[in-house]
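Trainee: I should be grateful for a close look at one helix of this structure, and at the surroundings of one of its residues.

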Amino acid sequence: MTTLNEELTARVAAYGTWAKRRRYGADGPNNRRLWVLACMDERLPVDEALGIHVDTPAGGGDAHCFRNAGGIVTDDAIRSAMLTCQFFGTREIVIVQHTQCGMLSANARDLEKTLRERGVDPDALTLDPTLPELTLAKGAFAKWIGMMDDVDDTCLKTIDAFRAHPLIPKDVTISGWIWEVETRRLRAPRRDKSGREGTDVTPADFGLKGRQPPRWA
């Protein structure tokens, strides 16, 4: 039986290693050598959905976690994935999107129109003030927003995009999953709508007509 002193000494040492792991580069990876891309939605609990501990220190710290609207591939998602895989020892990417996603709830062209009505010109934007070279072609703003027509289809295409990207090593394991907010369960994405247990909404359920700009074509 260990003494409390021994337990505390080990805990302090473990936390010190956890806190300084970035100093070791690829030799100081997160616990599972894992990068997670997830939607920013508050109804998607990453730890519960994947059975890992992302934010808990010393004994947690299972993954680098990147969240954006929809959990989709973007230039900054690629940037973060490249860094974690090429330099920080990550060997697996898991993408988790979810049903009832807000990215189904509006048409990107309508969102662009709203911005114009508020005095913002989407064709004359500095996306990143620290990187003015990063620009969008005229007319590309609605496509850049990345709204969805179908969560499962988007998840599958996001997986394909990471697998095909030259900045992501070919030996990195990449998978994608759908979290059902209605049932609090995880499932694989599928194009066969009959296998989705009837839980997901489509843009039509939000009153939308027509498809989104063809980001995922």
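Mentor: Contact here means heavy atoms within 4.5 Å. Helices (H or I, at least four residues) and strands (E, at least two) are DSSP runs, numbered from the N terminus. The model is predicted, so local features need pLDDT of at least 70 and side-chain atom pairs count only at pLDDT 80 or more, while totals for chains, interfaces and linings use all residues. Residues are numbered from 1 along each chain as its sequence is written, and side-chain values use heavy atoms, with hydrogens and water left out.

The helix is α3 (75–86). Its 12 residues should span 16 Å at 1.5 Å a residue, and the end C-alpha atoms are 16 Å apart, which agrees; the expected span is 1.5 Å times one less than the number of residues.

Within α3, the buried residues are Ala 77, Ile 78, Ser 80, Ala 81, Met 82, Thr 84 and Cys 85. Buried means under 20% relative accessible area, exposed over 50%, and partly exposed in between (1.4 Å probe, protein chains only). The cover over these buried residues includes the strands β1 (34–39), β2 (63–68) and β3 (92–98), together with helix α6 (151–164).

Thr 84 belongs to this helix, and it counts as buried because its relative accessibility is 2%. Leaving aside residues up to four places away in sequence, Thr 84 touches Trp 35, His 64, Gly 89 and Thr 90. With Thr 90 there is also a side-chain to side-chain polar contact of 2.5 Å. Such a contact is a pair of N or O atoms within 3.5 Å; within protein, one must be able to donate a hydrogen and the other to accept it, and residues adjacent in sequence count only if both atoms are side-chain atoms.
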